[in-house]
Amino acid sequence: MKYIKKEYPCYNLHMIKTDKFKTTNIEVIFEREIKIEDITITNFLSSILTFTTKKYNTKLKYAKKMESLYAARLFANSYRLGSNFNVDFNMQILNDKYAENGLLNESLEFLKEVLFNPNVTDGKFDEVSFNIIKNDESSQIERFKEDTRRYATLRCCELTDDKAPFSYNLKGYMEDLNKITSENLYSYYNKFIESSNVDIFIIGNIEIEEVEKMIEEKFQFTNKNQESKYPLLPTLNNRKKRKEIIETDNTNQSKLAITCRIESMTDKERNYVLNLYNSILGGSTDSKFFKNIREKYSLCYYATTGANKLDNILLISSGITKENYNKMLILIDKEMDDIKKGYITEDELINAKKYYLSGLEEIEDSPNQIIASYYAIDKLKADSIEERKEKIKDITKEEIVALANKIYIDTVYLLGGDKKC
């Protein structure tokens with residue numbers, strides 16, 4: 001696998017040459033600092049840009065064009081990375097070796113159409129497309145609370161710190177959606193294109209010089225790429241006493257969500273030790289939560305943990321019956337305290353490392369994950385896959401214990417379980 005990065009005034013071009021896949025994947029990543037008021041309109045914009053264009057101005061014409069590109073796939077995905085909010089436009093096509101020669105060039109031309117020639121007339125987006133997308137976005141926002149597990153996690157984050165980006169609802173907000181018009185959406189489009197940092201990734205069995213020339217000809221950005229800041233969020237303030245909130249909801253099963261603050265992590269802890277701690281506590285089927293709380297004591301339907309190194313928090317999520325709430329908290333405290341005291345078996349450490357290494361192996365089987373890995377190396381101070389494989393092997397139990405003693409429960413939130421059968 002050969003990786004080359006080229007820096008241009010308006011974007012960075014990353015080319016990854018490999019013959020491992022029969023496809024070529026193109027990913028255009030727009031990076032911006034996250035602002036809560038921009039989430040809804042950014043989601044709306046990414047959806048409408050991949051619905052129709054000026055040239056392919058109906059969904060049927062758009063679909064037929066995609067079909068003519070050997071059933072190419074194109075979708076947009078928005079997500080948060082610490083203090084940043086990214087939008088990826090991801091296109092997957094057959095490699096030219098398995099299709100008509102020139103498919104890559106034609107596909108890049110279509111992607112250019114999507115990004116730079118939206119379905120706009122007289123300074124506003126096409127009303128038919130606009131109304132369809134608005135209804136879709138409204139449905140997604142309204143359906144969010146129906147997913148009580150995700151809703152409980154977000155609610156807990158809001159109660160932890162409603163100003164922190166980890167508490168933002170990435171599906172968007174209905175009050176913001178109602179403010180969007182076809183005119184102000186187009187104004188935002190121009191702002192988005194002109195002020196975002198842009199990275200373009202292409203992976204496949206490509207000819208480096210040819211691809212570089214195609215990108216230079218087609219992608220005429222006018223923005224000025226700024227140096228990306230490491231998007232690390234500040235550590236939560238120390239709370240003298242954990243916050244506990246219980247909210248009623250007419251459901252059979254309660255959803256328990258807990259945020260834990262992580263204090264003063266080193267780079268090594270952030271990039272490696274945290275992964276092993278998370279796996280041992282609740283991030284795998286070999287975890288203490290799974291083996292003890294779920295299997296041994298049968299106190300929950302599930303109990304998992306997740307840690308984001310950029311947020312300085314660890315999240316605990318569980319489905320329980322309301323009557324087991326206090327017992328669950330006692331056991332969660334016990335499992336966390338046990339790690340702080342060094343109660344980690346050799347098998348637990350070995351299995352956590354195997355779990356991590358297995359995840360690294362899976363990266364190499366997916367073009368999108370390979371792109372994400374190189375993006376993390378470029379933006380998030382991550383090591384290469386090979387370096388990660390070696391460094392994880394040297395992590396000791398003592399390092400995990402040291403990190404465990406920097407982790408404290410901040411907020412406990414329980415939702416529902418009030419339905420009477």
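## Five-stranded sheet

In this predicted model, an open sheet of five strands runs in the order β9-β13-β10-β12-β11, with mixed pairing. Strands pair here if DSSP finds at least two bridges between them. Helices (H or I, at least four residues) and strands (E, at least two) are DSSP runs, numbered from the N terminus. β9 (243-247) and β11 (302-308) stand at the edges with a single partner strand each, so one side of each has no neighbour in the sheet. From one strand to the next, the twist averages 15 degrees.

β11 pairs with β12 (residues 313-320) in the antiparallel sense, over seven bridges. Within β12, leucine 314 stands opposite alanine 307. Helix α11 (residues 325-340) packs on the sheet and touches β9, β10 (254-262), β12 and β13 (407-416). Contact means heavy atoms within 4.5 Å. The direction of α11 makes about 160 degrees with that of β13. Axes are lines fitted to C-alpha atoms, for helices over the stretch in contact, and angles run from 0 to 180 degrees between N-to-C directions.

## Basis of the values

Residues are numbered from 1 along each chain as its sequence is written, and side-chain values use heavy atoms, with hydrogens and water left out. Local features need pLDDT of at least 70 and side-chain atom pairs count only at pLDDT 80 or more, while totals for chains, interfaces and linings use all residues.

## Six-stranded sheet

Another open sheet has six strands in the order β1-β2-β8-β3-β5-β4, with mixed pairing. Its edge strands are β1 (2-7) and β4 (73-81), and each pairs on one side only. Neighbouring strands of this sheet are turned by 15 degrees against each other on average, direction ignored.

Strands β2 (residues 12-17) and β8 (residues 197-204) run parallel and are joined by six bridges. Isoleucine 202 in β8 has methionine 15 opposite. Helix α7 (residues 182-195) packs on this sheet, touching β3 (23-33), β5 (84-94) and β8. The direction of α7 makes about 100 degrees with that of β3.

## Helix pair α3 and α8

Two packed helices are described by the angle between their axes and the distance between the axes. The axes of α3 (residues 103-116) and α8 (residues 208-218) come within 10 Å and cross at roughly 30 degrees. α3 and α8 are therefore roughly parallel to each other. Angles under 35 degrees count as roughly parallel, over 145 as roughly antiparallel, 65 to 115 as roughly perpendicular and the rest as oblique.

The crossing of α3 and α8 is right-handed: the near helix is turned clockwise from the far one by less than a right angle. On α3, the contact is made by Leu104, Asn105, Leu108, Glu109, Lys112 and Phe116. On α8, Val211, Met214, Ile215 and Lys218 contribute. By class, this contact has six nonpolar, one polar and three charged residues. Ala, Val, Leu, Ile, Met, Phe, Trp, Tyr, Cys and Pro count as nonpolar, Asp, Glu, Lys and Arg as charged, and the others, Gly among them, as polar.

Tyrosine 375 is found in helix α13 (residues 367-379). Tyrosine 375 is buried, with a relative accessible area of 5%. Buried means under 20% relative accessible area, exposed over 50%, partly exposed in between (1.4 Å probe, protein chains only). Not counting residues up to four places away in sequence, tyrosine 375 touches Ile29, Glu31, Leu81, Asn86, Asp199, Phe201 and Leu380. Methionine 328 is 47 residues from tyrosine 375 in sequence and 39 Å away in space, C-alpha to C-alpha.

Serine 373 also lies in helix α13. Serine 373 counts as buried, at 7% relative accessibility. Residues up to four places away in sequence aside, serine 373 touches Ile363, Ile385 and Arg388.

## Positive phi in loops

Serine 264 has a phi near 50 degrees, a positive value in a residue other than glycine. Serine 264 is placed in the loop between β10 and α9 (267-281). At 58% relative accessibility, serine 264 is exposed.

Lysine 381 is not a glycine either, yet has a positive phi of about 65 degrees. The loop between α13 and α14 (385-393) holds lysine 381. Lysine 381 is exposed, at 51% relative accessibility.

## Methionine 174

Methionine 174 is found in helix α6 (residues 174-177). At 22% relative accessibility, methionine 174 counts as partly exposed. Neighbours within four places in sequence aside, methionine 174 is in contact with Ser138, Ile141 and Glu142. Methionine 174 and leucine 360 are 186 residues apart in sequence and 38 Å apart in space, C-alpha to C-alpha.
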